[in-house]
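Please walk me through this structure. Begin with the metal site and then turn to the charged pairs.

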Amino acid sequence: MIYLKTPEEMRGMQVACDLVSRTLGEVARWIAPGVTTNKLDTIAREFIHDNGGRPACLGYGGFPATLCIEVNDTVVHGFPSNYTLRDGDIVGIDTVTEVGGFNGDSCYTFMVGDVDPKVRQLLADTKESLCRGIEAARIGRRIGDISNAVQTYCEKRGYSVVREMTGHGIGRRMHEDPEVPNYGRRGTGPVIRNGMCICIEPMINMGSRNIVIGRDGWTCQTKDHKPSAHFEHTIAFYDDERHILTTFDYIQEALGDRFI
Ligand code: MF3
Ligand code: CO
């Protein structure tokens, strides 16, 4: 069931989304060769607590950390570890913060040092596919319009779209209806209405779309071990308009001319 939110509840969503955006901005400052992903997790957890939030991933379905860490061929849901980031890596940081009972969800894939131009292009194109998905998300249109916009943009460029995981509704729960797949047909799926709040999160592979889930039951990697990129925004619809509740502005501020 899609739970439609009141404008009052949307104000709560905006507060949670502000914190998740600022958290990614804080993490961005620390991303460099030589830093462990455990260190990033500690920074995020403390930042969220210091700013009146709760790290919603920690303990969610047994997930053991604040951040989902997605290095190179990891698609989603990787654990922080003593792995040290290396020059040439890409690392997706996906997290959810809860404030006042509402959840904000966002993800950004960062470059560590000098990255292969083709991988850099994968990141730029995946980020642009998120923008295309957002652009297609209009009141009165359907979820499939978003899905199709993302899929078309990515497949035209020779990438593949992960199908097993999707975007989702969000609110008092991290995952609510509807599902927001990154592939599909225009004019299909639920109609987008005032009161909806959704996460659009393309997970795009350089090689084949096939994935494998690790023995920890969470870590999702590409089967061919080619790189995968992931970007996510939380989007709300109210007052007959689309509102992007999360922002990459804090990341841009942290990265300066290294921002893509
Ligand atoms: N953005 C991710 C998702 O929607 C956040 C997952 S948090 C976890 O799946 F706890 F489930 F890992
Ligand atoms: Co999400």
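What follows covers the metal site, then the salt bridges.

This is a predicted model, in which local features need pLDDT of at least 70, side-chain atom pairs count only at pLDDT 80 or more, and totals for chains, interfaces and linings use all residues. Residues are numbered from 1 along each chain as its sequence is written, and side-chain values use heavy atoms, with hydrogens and water left out.

The cobalt ion (ligand 2) is held by D105 (OD), H168 (NE2), E201 (OE) and E232 (OE), at 2.1 to 2.3 Å. Donors here are N, O and S atoms within 2.8 Å of the metal (3.2 Å for Na, K and Ca); water is not among the atoms, so sites may look incomplete. The donor residues follow the spacing D-x62-H-x32-E-x30-E. D105 sits in strand β5 (residues 102-111) and E201 in the loop between β9 (197-200) and β10 (203-205), so the pair ties together parts 96 residues apart in sequence. Strands are DSSP runs (E, at least two residues), and helices are runs of H or I (at least four), numbered from the N terminus. D105 is buried, at 3% relative accessible area. E201 is buried too, at 6%. Buried means under 20%, exposed over 50%, and partly exposed in between (1.4 Å probe, protein chains only).

The whole structure holds ten salt bridges, each a side-chain nitrogen of Lys or Arg within 4 Å of a carboxyl oxygen of Asp or Glu. One of them joins R11 and E8 at 2.9 Å, N to O. These two are three residues apart in helix α1 (residues 7-28), about one helical turn. R11 is exposed, at 52%.

Definitions and conventions: Chains lettered and ligands numbered in written order.
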